[in-house]
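Trainee: Could we take a close look at one chain of this complex? I'd like the fold first, then its contacts.

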Amino acid sequence: MRMLTKGLVAGLGLFMWSGTSVLAQELTIFWAEWDPANYLQELANEYEAQTGVKVTVETTPWADFQTKAFTEFNAQGSAYDLIVGDSQWLGAASEAGHYVDLTDFVKENDVLSKMAPATMKFYAEYPGNSGKYWSIPTEGDAVGWSYRKDWFTDPAEMANFKAKYGYDLAPPTTWAQLTDISEFFYRPDQKRYGVAIYTDNSYDALAMGFENALFSYGGELGDMATYKVDGMINSPKAVAALDAYKKLYSFAPPGWAKTFFVEDNQAITENLAAMSMNYFAFFPALINPASNPNAANTGFFANPAGPDGDQYAALGGQGISVVSYSQNKEEAMKFLKWFIQDDTQKEWAKLGGYTCSKAVLESSEFRNATPYNEAFYQTMFKVKDFWAVPEYAELLTALNQRVYPAVVGGQGTSQETLDALAADWKAIFAKYGRGN
Amino acid sequence: MATVTSYGQRLGNRVAVGMIILALIVFLAPIAWIGATAFKPRNLATTVPPTIFFAPEVSPFVKLFTKRVQLKPNEKVDYESAPWWERIVLDGGERISRTGRGEVQLSGYPSRFLNSLIVAITSTFLAVAMGTITAYGFSRFKVKGEADWLFFILSTRMLPPVVVAIPMFLMYRAVGLNDTHLGLIILYTAFNVSFAVWLMKGFIDEIPREYEEAALVDGYTRMEAFFKIVLPEAATGIAATAVFCFITAWNEYAFALIMTNRRAQTAPPFIPSQVGSGLPDWTVIASGTALFLLPVAIFTFLLRNHLLRGMSFGAIRK
Amino acid sequence: MAEVMNRLDPKSRAAARGFSDLAIRNLFVVPTVAFLIVFNIFPLIYSLGYSFTDFRASSKEAANFVGLQNYRDLLADPFIWTNFTITAKYVIVSVTGQVLVGFGLALLLNRSFPFKGLVTTLLLLPMMLSMAVVGLFWKLLYDPNFGIINYALGLGNFEWLSDPGIALYAVALTDIWMWSPFVMLLSLAGLSAVPKHLYEAASIDRAGRFYVFFRITLPLVAPILLIAIIFRTMEAFKTFDLAFVMTSQPTTELISIRLYKMAFQEWQTGKSCALAYIVLIMVLTITNIYVKYLNKAKQR
């Protein structure tokens, strides 16, 4: 018994000790669990080979990423030196002092001329147009579309389509065509459906999906400078956009009520839908014959234009920031300095990262590297994002509570839905003393 | 009359056995499905209609233990000189990620599995031990405000973990317990001890006091009576409590996610993380799940006789 | 702590050797109670304190005292009341289901048959899985396109999780599948303790099956069954992972999902603490009623 007790005490002591040991010359980057994080680890291995500084990319499932990161921030934890955080976090993380101000770093190292302008604006700058920067754009991302080339080029389908709609069946360039094609391929009796879209309302999926319609229809979430929302999120253009999104939902496969990137990719791999919206970052799985049996027959196109020719896509992607509570801030800055070099960015793209470097993006080498890189390149200059204010999550909740029942449950008119949303958002902004 | 009864009994038994078999099918079908998926080639995991017959593979387990990235189109790989397990991964359209020195990078699974074992076993032992002696104390001795104390113990389990998580995290950070095995062990012990006390009190209450009192008369000390008379009689309860505590600690998700980072992380938050690369590899999730089920299943199976022996001798209540 | 403990049962003073009974009682009871107090007091006070403020853990700004504002806002919010109604429905359906299925299984298993140990272990497998994984797989099993359930039962495109009227019951069904074994195991332990001579006496008296069940079996198993019900109710009230992973219908937004969003997505720490206290008071009340029944059942 005494031996056991001694062993236990020794064991517990060991845990305690291992819990406090910190190695010097080590950096920890926090990100979500996905392929780009593995690519970043491989890139960081090269940094270690060059400098001897060991960099570890630590990951957590996407669904828990926000929770885990902010719990750590809010307790001023030093577990992470750098974090590749979502663009919506900029407001919350910068206002609360979680991120180190990188404005001087950006100026000294001429980052503005190195990265694509849209990526600096959405991944790095907060508040909008303030000239203050908090991140270095790392993984560019936006929503694009995949489609079934074999279905689109089937002669019988093409003839039937032409007969019914009066124009040729091809990847859509407008939302009207997108809707027509979705309707055309919607055949429940054959277990084939028109289109796969985002509907999950547990975080930001539904909002990102709806934004593609909203922005291309010329609608706006609101005025990002004055926080005026009434008359914008419920404008006639926004209402038309919601109508369009609801219409698309009616051509989605059955059971399409909690869908995000996984389900939308599966719609292509499992022959469920003719077209599917998804972030570019999730397209590599679709051109991989091992994970997508239809890889050879999968094509890609950029988010189509709306009725007035506006064409924008919802932004995804992340920038890398230095955590204020890190004990290795200087080392972290050195890593960033290395990361923004052209050679590093080229290597980053080669490993599979979606670089934001202007030079690399514009190179023909990059644009021809995959079937979707060209669409990605085009889209990254036509993106808009959700609110980045610290209370963005409350705005999301309100959107989910109003828009989800409208899209999935078919409740109320689009005008009623968006009027209610405008009122909710106005109240939230009033609560935090914005605008008015 | 007698034959009729026994015929009726036999019929009743047969119906009961039939229903047990039916229950086994209903309860095990989803688990069988997970088990089958753990050995499927990736392209058969989600098909329309579902695939039931297939040639089993070990590839999901190889993938479970390694860190992988997808192959890019036209990426050059040295397939010929790769060992068999690496070929399996390459066949799946992925390559194994390597460190700067060319070593194979393991996934988080093995180290997290080990952490899960350390944390769950230690905390179960502590919770059951504390629960048993405390239940005995409440059962056999007068404690002022006993009902209130017991209710307090129960109430410690009522707050949803999402609320406790933030203050707990701050508290742990202040004392340096976050991301340590000890921290999780203490947390799970606290979480399980309320359950252990209640359950064990239910069982110990059923053991007649006369047994110990007889022992005391025979010259045993109270301690000896507890260890030699009460504990063996309470074995069923201890086994059941241990199984439940182990299951809770083994599968706990929310605190494991928030309280730990690289060092002390347990496996539950890792297993679903395979959905992160655009298309979930259900075979890997299934193999991770199946493997993670084994220790609890074995633990329970070993204790089965205790679980089933029932509360012994008879006089359930005086 | 020692002052609150009363003097001991005089009968047990017989044991004068070794530790005194008083010492043993304190040794057995005090550490656990003290441990739980220390461990729970900080989170409880922290939550209570912040529930009267507009504190946001994600913000640099200091917390302002707002009195009962959070509680007033919450109780006036129609979405919250919907969450509570959904939770009540869920708890009732899933706990009732677990008790019926679990107790039924225990009655079936309470006889000797070959491979009893193995069969019991196998039936316990569902509860050995983690909630998040169960949610993931059941979402797949329920899927109208490639799920095995619709395929095996020939249900075609039946939408388990995307039909707002059915989704909550589909989640409850998964919960029943997962946790009936818990009720089963506890009931089985209780059943096997029912003295055989009571049944023998009943069969001599030619008592009917229903009489035996309701007058002998049930009252004797009641205490342990009630403990199972108490814990299942508390857990069902807190259900989060399962529903969160499987569906996101407004009709399945349980109170703990709302709480999670408020606390960890919106970071309205003060308000979420207030909501937590409302939940705590409700669970305390319900549990208290159960415990009263439990004490009554024991005294019978």
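Trainee: What pattern does chain C follow, read along the sequence?

Mentor: Read that way, chain C goes α-α-α-α-α-α-α-α-α-α-α-α. That's 12 helices and 0 strands, where helices (H or I, at least four residues) and strands (E, at least two) are DSSP runs, numbered from the N terminus. Before going on: this is a predicted model, where local features need pLDDT of at least 70 and side-chain atom pairs count only at pLDDT 80 or more, while totals for chains, interfaces and linings use all residues. Residues are numbered from 1 along each chain as its sequence is written, with chains lettered from A and ligands numbered from 1 in the order in which they are written.

Now the overall form. The C-alpha trace of chain C spans about 70 × 65 × 30 Å along its principal axes. Of the 300 residues in chain C, 52% are buried (20 or more other C-beta atoms within 10 Å of a residue's own, with C-beta atoms placed from the backbone).

As for contacts, two residues count if their C-beta atoms, placed from the backbone, lie within 7 Å. Within chain C, 72% of the contacts with a separation of 6 or more join residues 24 or more positions apart. Across to its neighbour, 88 residues of chain C are in contact with 85 residues of chain B. On the chain B side, helix α1 (residues 2–37) of chain B brings the largest share, 13 residues. That side of chain B divides into 60 nonpolar, 18 polar and 7 charged residues; Ala, Val, Leu, Ile, Met, Phe, Trp, Tyr, Cys and Pro count as nonpolar, Asp, Glu, Lys and Arg as charged, and the others, Gly among them, as polar.

Notes:
Buried ≥ 20, exposed ≤ 12 C-beta atoms within 10 Å, placed from the backbone.
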